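Subject: Structure handover

Hello,

Here is the structure I promised to pass on. My notes follow below it.

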Amino acid sequence: MRIRFQLATFVFLRTILNTAHRMVYPFLSVFARGLGVDIASMSLLMTVRSLIGSASPLFAPIADRRGRRFGMLMGLSIFTTGMGIVAIHPSYWTLAVALILSVLGKYMFDPAMQAYFGDRIPYGQRGTALAVTEMAWSMAFIIGVPVMGFVISKYTWSAPFPILAALGVIAFIIIWRMIPHEDEHHEPVATSRDGYRAVFKSIPALAGISVAMWASAGNELVNVIFGVWLEDSFGLKIAALAGASAVIGISELSGEGLVAFTTDRLGKPLALTIGLVGNALASILLPIIGTTQVGALIGLFFFYITFEYIMVSHIPMMTELVPSARATMLSLNVTGHAVGRALGAFLAAIIYQRFGFVFVALLAVVFNIAGLLALRQMQKQS
């Protein structure tokens, strides 16, 4: 009962962090206009955010040495600081700092939380449990982003940041009181070096990290550009873009629900294969049916439901590859995501502006195929 309550609480807490992370995508044009910069400048900012996020393994192993609770509290402190900076002085450069700090905070919090449940929940049930916590990713788009869109339309582009800073403080207090300081389920590693060594000596672990990189690169191509694409194609404004985000969030929630019901039954590798193949097919479909507003939203629905199936099937696999250094393993997996997102963000605006959305979608297919090859290597070496 206590674990179930904690899982539900973490859905709420992670929704806060994920809302800050995800609201930039649909409102990329809105932020650019508010700041007086072009889309390329915002795309560069997203690339830098992802590259900085790839440095998370320098910090996240703190959860292996100092405990899961400490890692989560540290992540929330960094996140709240980033949101507070923009709340105090809104500008392009404070937004840049905020995005960097928020992604570092998120990438410190998430592996510590996943390791916390990995320590406590048997592997056979872990896919279902972690799928529950991943609902926060979709809830950010279903609830968080539309709410922030309403706030932006009523006030200004920077209005969400004081709200998110206040929520960060509340999240810190909840973790401080809910998670016990003493943890009999976790034996701290002596040094971060021990954890790194264990991960880098494991070929399946490295292959698993590359799956995360390729899948995230394909997803980020569409993430960065879908709001711009919808606005350019159909003239959607803030409220409609927020509505599109809710549709994507519902698709992701559906993907998380599918994982909760099927991944532990099918087996994690088969579920991950289904997700990668499905996302490649959705990428091909997206520009074909995206000639109308309804078709575009349906295409995005299938694209995001399959990607979420990939991500949530992948996480429980990664928790068991190097049990002696779970937080380090998961933080390096986050690095794979971050490098992939940086690659996707860097290429997205360039390809879209020069060649159009069709080529964005085709490159996403190529990245999914690379992810399938990495998964095959992971299975051969396991």
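Charges come up first. The protein chain carries 26 positive and 18 negative side chains. The centres of those two sets are 1 Å apart. Please bear in mind that this is a predicted model.

Overall form

The protein chain contains 16 helices and zero strands. Its C-alpha atoms fill a box of roughly 55 × 45 × 35 Å along the principal axes. The radius of gyration is 19 Å. A compact globule of 382 residues would come out near 21 Å, so the two agree.

Of the 382 residues, 60% are buried. Take the contacts between residues at least 6 apart in sequence: 85% of them join residues at least 24 apart. The accessible surface is about 14,500 Å². Carbon and sulfur atoms account for 69% of that surface.

Helix 1 covers residues 2-22. At 1.5 Å a residue, its 21 residues should span 30 Å. The end C-alpha atoms are 30 Å apart, which agrees. Of these 21 residues, 15 are buried, so helix 1 is largely enclosed by the rest of the structure.

Helix 13 runs over residues 268-289 and has 22 residues. From first C-alpha to last, helix 13 reaches 31 Å, close to the expected 32 Å. Its buried residues include Ala271, Leu272, Gly275, Leu276, Gly278 and Asn279. Lys268 is also on the buried list, as are Leu286 and Pro287.

Two residues to look at

Is Lys106 buried or exposed? Lys106 has a relative accessibility of 4%, and the cut-off for buried is under 20%, so Lys106 counts as buried. Lys106 sits in helix 6, residues 92-120. What does Lys106 contact, leaving aside neighbours within four places in sequence? The partners are Arg14, Leu17, Asn18, His21, Pro111 and Trp137.

Gly36 is a contrasting case. Gly36 lies in the loop between helix 2 (28-35) and helix 3 (39-53). Its relative accessible area is 65%; exposed means over 50%, so Gly36 is exposed. The C-alpha atoms of Gly36 and Phe109 are separated by 33 Å. Along the chain, Gly36 and Phe109 are 73 residues apart.

Over to you.

Best wishes

Key: Residues numbered from 1 in each chain as written. Predicted model: local features only at pLDDT ≥ 70, side-chain atom pairs only at ≥ 80, totals over all residues. Heavy atoms only, no water. Helix = DSSP H or I, 4+ residues; strand = E, 2+ residues; numbered from the N terminus. Rg over C-alpha atoms; globule rule 2.2 N^0.38 Å. Buried < 20%, exposed > 50% of the residue type's maximum accessible area, 1.4 Å probe, protein only. Contact = heavy atoms within 4.5 Å. Areas by Shrake-Rupley, 256 points an atom, 1.4 Å probe, with all protein chains shown as cover. Lys, Arg positive; Asp, Glu negative; His and termini not counted. Charge placed at Lys NZ, Arg CZ, Asp CG, Glu CD. Expected span 1.5 Å × (residues − 1).
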